[in-house]
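Biologist: I am new to this structure and would like to go through it by question and answer. Please show it first.

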Amino acid sequence: MSHCLCLLTTRGKAGGTSTQVMKDVFEALRQSEVEPVLCTITGEPPAFYIDEGDEDWHYANKEILGRAELLSECSAAMFSGVVIPCAAGNCMDLAKDSAVGALLREFNLMDKPICSIGCGCFGLLTALSATDEGNFCGFAMTGLSLSDWAQSVYSAQPGDGGPSGSHLSSLGQAPETVMRAAGANFVAGRPLSHRDGLVIADGNLISAQAAPATASAMSIFLARLDLS
């Protein structure tokens, strides 16, 4: 059976990965007989924001959701591809650890598919900042735009409910702003009120504007996996 690495944040429940996003990722992978393997920088269990109605799903999958591989012990050679789900906490750890960028450059150099969803693009930040091969310079990508950030729960003020980017993010800026400042060829989609969100595939990098586009992005990602 093939295995897919899922890079996740440990930054508190409010900044954690949405259970709805994880359901979409797990369902897509398992339908293709690909086993998800969760990974965090510290090896601590990842943080999740449990969406209303997902309590039973979270409990049923508590064994796999409650453990994570240590990032430093993972290599691209061990996995068929990597997914970085949307989570506000990504901007606090994945965006700042050079080991994340080094691992993603490994996947890129091996031409293995990489899928970032919404705030998952923060995980590409240190790879973009590197001067080494595989740094994603010139790759077209997307994520939450300025308008999405301003209108979504990620920019809510503390106490408003839901994951809050403005008080969780030490970067303090929308993915569009941060990624463009790092030199990314960032393409902003139309406001999410118009559709589920933009998905861009450039080489082996698949990126989705936001969580509602998870299923569409995963469909392209799975089509590019080498399951032999």
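**Burial and side-chain pairs**

Modeller: Asp54 is buried, with a relative accessible area of 3%. Bear in mind that this is a predicted model.

Biologist: Which side chain does Asp54 meet in a salt bridge?

Modeller: Asp54 sits in the loop between strand E4 (48-49) and H3, and its partner is in helix H2, 31 residues apart. The salt bridge, at 3.0 Å from N to O, joins Asp54 to Lys23.

Biologist: How many salt bridges does the structure hold?

Modeller: Side chains of opposite charge can pair when their charged atoms come close. Besides the bridge of Asp54 and Lys23, Glu63 forms one with Arg67, the closest N and O atoms being 3.8 Å apart. Glu176 and Arg180 also meet in a salt bridge, at 2.5 Å from N to O. The number of salt bridges in the structure is 3.

Biologist: Is Glu63 buried or exposed?

Modeller: A residue counts as exposed over 50% relative accessible area. Glu63 has 63% relative accessibility, so Glu63 counts as exposed.

Biologist: By about how much of the helix are Glu176 and Arg180 separated?

Modeller: An α-helix has 3.6 residues a turn, so residues three or four places apart point the same way. Glu176 and Arg180 are 4 residues apart in helix H9 (residues 175-181), so their separation is about one helical turn.

Biologist: What kind of aromatic pair do Phe26 and Trp57 form?

Modeller: Phe26 lies in helix H2 (residues 19-31) and Trp57 in helix H3 (residues 55-60), so the pair links distant parts of the chain. Phe26 is buried at 2% relative accessibility, and Trp57 is buried at 19%. Planes over 60 degrees apart count as edge-to-face. With 5.7 Å centre to centre and 65° between the planes, the pair is edge-to-face.

Biologist: What is the angle between the planes of Phe136 and Phe139?

Modeller: Phe136 and Phe139 are both buried. Their rings form an edge-to-face pair, 5.6 Å centre to centre, and the angle between the planes is 75°.

Biologist: Where on helix H10 do the buried residues lie?

Modeller: Helix H10 covers residues 214-223, and Thr214, Ala217, Met218, Phe221 and Leu222 are buried there. Seen down the axis of H10, these residues fall within an arc of 130°, so they line one face of the helix.

Technical notes:
Residues are numbered from 1 along each chain as its sequence is written. This is a predicted model: local features need pLDDT of at least 70, side-chain atom pairs count only at pLDDT 80 or more; totals for chains, interfaces and linings use all residues. Side-chain values use heavy atoms; hydrogens and water are left out. Buried means under 20% relative accessible area, exposed over 50%, partly exposed in between (1.4 Å probe, protein chains only). Helices (H or I, at least four residues) and strands (E, at least two) are DSSP runs, numbered from the N terminus. The arc is that of the directions from the helix axis to the C-beta atoms. Rings of Phe, Tyr and Trp (its six-membered ring) pair if their centres lie within 6.5 Å; planes under 30 degrees apart count as stacked, over 60 as edge-to-face and the rest as tilted. A salt bridge is a side-chain nitrogen of Lys or Arg within 4 Å of a carboxyl oxygen of Asp or Glu.
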